[in-house]
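Visitor: I'd like to learn how to read a protein model. Could you take me through one?

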Amino acid sequence: MPKFSEDWELRWLRIFRGGPKERLHPGSREMLMARTAEKQKKEMLMARTAEKQKKRRRKVRSAPKSVKTAPPADSKNPIDLYYWPTPNGWKITIMLEECALPYTMIPVDISKGDQFKPHFLAISPNNRMPAIVDYDGPNGKPISIFESGAILQYLGRKTGKFYPQDERGRVEVDQWLFWQMANLGPKAGEANHFRNYAPEHLPYAIKRFSNEMNRIYGVMNRRLEDREFLAGKYSIADIACIGWASRAERHGHDLSAFANVRRWLETVLARPAVKRGLSVKVEAAFHVDLKDPKIRAVLFNQRAR
Ligand SMILES: N[C@@H](CCC(=O)N[C@@H](CS)C(=O)NCC(=O)O)C(=O)O
């Protein structure tokens with residue numbers, strides 16, 4: 001289980017303190033130099049933050065007593081996980097728990113607009129969580145990553161776990177990981193939106209996405225007919241699907257016709273690391289009222305900024 005930190009704004013300020021840049025011509029030498037300088041500055045600030053973090057670690061509030069903390073792995077510094085308890089966030093808590101990597105969970109309150117804060121956009125330009133900062137990145141330097149699929153692949157490569165190293169095995173995993181990213185996740189999101197959050201009842205949209213979910217669980221069910229996990233062995237492709245499938249029936253998608261998906265779900269939910277990953281909570285998330293017009297304006301009225 002993670003350490004817990006709420007002072008993410010301070011953290012971001014320290015990491016990405018740069019001000020707005022002048023407008024430079026893309027591809028110009030000045031632009032390249034500015035980018036290189038910005039990259040070096042970012043790396044330097046991240047390294048400095050890691051150093052300060054070590055000193056401050058005693059002050060960081062630890063995970064609730066009822067949950068166990070992942071035993072420390074090889075990494076020297078905990079990974080910062082920018083997180084909110086949703087199926088996309090759980091992909092990463094599950095993977096971190098499976099790999100026994102130490103991490104600090106930093107809540108991104110998406111109901112209040114934390115995802116639009118400049119400091120967060122510096123590491124996650126699509127204004128979505130999850131995102132991570134690994135202070136022990138490639139060549140020992142910090143690295144930030146957004147998009148849950150890219151994070152899973154990175155952690156798989158970093159640890160050598162749940163992501164095969166041989167090309168055939170890796171392609172198998174990649175196909176099902178990308179399948180989740182392009183199908184199961186986005187379509188479930190839209191299905192839930194039109195069923196539960198749309199201001200009007202739109203039968204066409206509800207039917208369209210409910211049918212898609214039915215098709216998608218059908219594809220998964222067929223795939224699991226003759227294998228225990230999506231890519232043969234348990235992998236990041238399974239990890240990506242757990243949060244969504246675990247909520248399917250609660251979200252109104254009937255799994256009773258998909259016996260293989262149910263069997264797979266029981267198997268993965270029985271894993272201790274999965275249990276721990278799914279139980280990383282943020283107190284504020286329990287109090288989000290999606291009927292509140294202010295919250296709806298943040299979440300459901302997003303346009304280019
Ligand atoms: N493709 C992204 C999707 C992430 C995503 O949609 N995250 C949602 C929560 S599940 C989010 O941050 N929402 C904020 C918002 O809608 O403004 C990923 O897999 O990382």
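Visitor: Which residues of H8 meet which residues of H9?

Guide: Asp238, Ile242, Ala245 and Ser246 in H8 meet Val261, Leu265, Val268 and Leu269 in H9. Two residues are in contact if their C-beta atoms, placed from the backbone, lie within 7 Å. This contact divides into 6 nonpolar, 1 polar and 1 charged residues. By the way, this is a predicted model: local features need pLDDT of at least 70, side-chain atom pairs count only at pLDDT 80 or more, and totals for chains, interfaces and linings use all residues. Residues are numbered from 1 along each chain as its sequence is written.

Visitor: How are the axes of H8 and H9 arranged?

Guide: Two packed helices are described by the angle between their axes and the distance between the axes. Here, the axes of H8 (residues 236-246) and H9 (residues 259-269) cross at roughly 105° and come within 10 Å. So H8 and H9 are roughly perpendicular to each other (that word covers 65 to 115 degrees).

Visitor: And H3: how many of its residues are buried?

Guide: Buried means that 20 or more other C-beta atoms, placed from the backbone, lie within 10 Å of a residue's own. For H3, that holds for 12 of its 12 residues, including Trp90, Ile94 and Leu96. Across the protein chain, buried residues make up 33% of the 305 residues.

Visitor: What span should H3 have?

Guide: The expected span is 1.5 Å times one less than the number of residues. For the 12 residues of H3 (residues 87-98) that gives 16 Å, and the end C-alpha atoms are 16 Å apart, which agrees. After H3 comes Ala100, with a positive phi near 55°.

Methods. Axes fitted to C-alpha atoms, helices over the stretch in contact; angles between N-to-C directions. Helix = DSSP H or I, 4+ residues; strand = E, 2+ residues; numbered from the N terminus. Parallel < 35°, antiparallel > 145°, perpendicular 65-115°, else oblique. Nonpolar A, V, L, I, M, F, W, Y, C, P; charged D, E, K, R; others polar.
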